Amino acid sequence: MNFDYSQEQQQLMREARRFLDDCCPPAHVRTVLEDCARSYDEVLWKSVADLGWLGTSIPERYGGLGLGYVELCALAEELGRVLAPIPFSSTLYFFAEALMLAGSERQCAEVLPRIARGELIGCLATSEGPGLPQGVSCSVESGRLVGTKIPVTDGDVAQIAVVLANEAGAPGLFVVELGCPAVARSVLESIDGTRGLARLSFEGAQVARLGAAGEGLRLLDRLLCRAAVPLAFEQLGGADRCLELACEHARQRYAFGRPVGSYQAIKHRLADMYVKNQLARSNAYYAAWALAAGVAELPLAAATAKLAADEAFAFAAKENIHIHGGMGFTWEADAHLYFRRARHLSLVAGSPATWSERLVEALLSGCAATGVH
């Protein structure tokens, strides 16, 4: 049995890598990081839209390519490899997926084609403080939203959002246009300046509900499981690139007349990076299959993949800095770009602690279903 990408998917990845290597080198990422006036690359965003990437998982009847989730994960890995400074994950993994998960036919027909064409940037607004929401203070009454969400990834550039809010005392998911006067936003400082953060304040903004009343937490749980899979592939792409950069430097840098990669301490670090990356890849492949097949194992597979990818990217980014030595800690070296993105992605859909809890819950649920104690 072959667990790798198919030949068509491998070709898609090769073409994506060729394009991104040309259009998104580290120097290009730096221009976004160092420009305080913007948090994403508009030209790259338009280019990936023209290539059809924004319609990868969107059905053809809504203007997408309808390729599927495995192809989306393949693209996510390549985007993560180059640290692409675009709101791809917020728009596709979270917002578009929320619509496909719970939106009405009218909502999908009106919004999804605009996403596929690159005309609309979306985001997910659930948090009202550190971590995922434990309590929800945002409320909806008579179709109007009041409250504040903070932090919201890509909330500084998004035109539309899915928001978690209480309606008649029960949490629900709601779509809200962010360009109306009833929405105020302020940009927040982020460890990764290529991924913006914002505070969104709602003062009677008109909303439309996704799904049935009171289903917000159940839908959010399903949405996070689905979004965690391509996020894990983004992290995997970044972790693999960190290993490549560390190996290149270890071969080229000499100390005491020999390459630093010939020293056992460096070999051990590189070997540990490789092992964690391969473990993350195995779990990510399984999660991609579970997502594409729509099987009941998805919550367990998604939690496992997200945790393994969190650990692999965090470890690889840190060790890449160490292997580069003193220069690895400087602004001129590219190692810090990966460290920033690793820290950011580890919190986008919930912290590692949150996903550890979800993993335990999935394991307990599986044991209960099979009668194992």
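## Basis of the values

The model is predicted: local features need pLDDT of at least 70 and side-chain atom pairs count only at pLDDT 80 or more, while totals for chains, interfaces and linings use all residues. Residues are numbered from 1 along each chain as its sequence is written, and side-chain values use heavy atoms, with hydrogens and water left out.

## Helix α4

Helices (H or I, at least four residues) and strands (E, at least two) are DSSP runs, numbered from the N terminus.

Burial is judged by relative accessible area: buried is under 20%, exposed is over 50%, and partly exposed is in between (1.4 Å probe, protein chains only). In α4, 13 of the 13 residues are buried, so the helix is largely enclosed by the rest of the structure. Just after α4, L83 has a positive phi of about 55°.

Two glycines, G52 and G68, lie in the loop between α3 and α4. G52 is buried, with a relative accessible area of 14%, whereas G68 is partly exposed at 23%. The C-alpha atom of G52 is separated by 8.9 Å from that of G118, 66 residues apart along the chain. For G68 and I115, 47 residues apart along the chain, the C-alpha separation is 16 Å.

A contact means heavy atoms within 4.5 Å. Not counting residues up to four places away in sequence, G68 touches T56 and S57.

## Cavities

A cavity is found on a 1 Å grid over the protein atoms alone, as a set of points where a 1.4 Å probe fits but cannot get out; lining residues have an atom within 4 Å of a point. Grid points are joined across faces, edges and corners, and a volume is the space filled by probe spheres set on the points. By this rule there are 3 cavities of 30 Å³ or more. The largest cavity holds about 50 Å³ of space.

The largest cavity is lined by L79, G80, A84, I86, F88, S89, R195, E234 and R341. Helices α4 and α5 (88-102) are the elements that give two or more residues to this lining. By class, the lining has 4 nonpolar, 2 polar and 3 charged residues. Here Ala, Val, Leu, Ile, Met, Phe, Trp, Tyr, Cys and Pro count as nonpolar, Asp, Glu, Lys and Arg as charged, and the others, Gly among them, as polar.

## Aromatic pairs

Rings of Phe, Tyr and Trp (its six-membered ring) pair if their centres lie within 6.5 Å; planes under 30 degrees apart count as stacked, over 60 as edge-to-face and the rest as tilted. The count comes to 5 aromatic pairs. One of them, F19 and W53, is edge-to-face, at 5.6 Å centre to centre and with 80° between the planes. F19 lies in helix α1 (residues 7-23) and W53 in the loop between α3 (42-50) and α4, so the pair ties together parts that are 34 residues apart in sequence. Both F19 and W53 are buried.

The rings of F233 and Y285 have centres 6.2 Å apart and planes at 20°, so this pair is stacked. The pair links distant parts of the chain, 52 residues apart: F233 is in helix α7 (residues 216-252) and Y285 in helix α8 (residues 264-293). F233 is buried at 1% relative accessibility, and Y285 is buried at 19%. Together with Y5, F233 and Y285 form one aromatic cluster.

## Strand β5 and G172

G172 lies in strand β5 (residues 170-177) and counts as buried, at 2% relative accessibility. Leaving aside neighbours within four places in sequence, G172 is in contact with V163, L164, A165 and G216. The C-alpha atoms of G172 and H249, 77 residues apart along the chain, are separated by 50 Å.

Most residues other than glycine have a negative phi, and most peptide bonds are trans. The peptide bond from I150 to P151 is cis, with omega near -10°; P151 lies in strand β3 (residues 144-153).

A168 is not a glycine, yet has a positive phi of about 55°. A168 sits in the loop between β4 (160-167) and β5 and is exposed, at 86% relative accessibility. F256 also has a positive phi, near 55°. F256 is in the loop between β8 (254-255) and β9 (258-259) and is exposed at 82%.

Technical notes: 1 Å grid on protein atoms, 1.4 Å probe; cavity = no way out; pocket = protein on both sides within 12 Å on 5 of 7 lines; lining within 4 Å.
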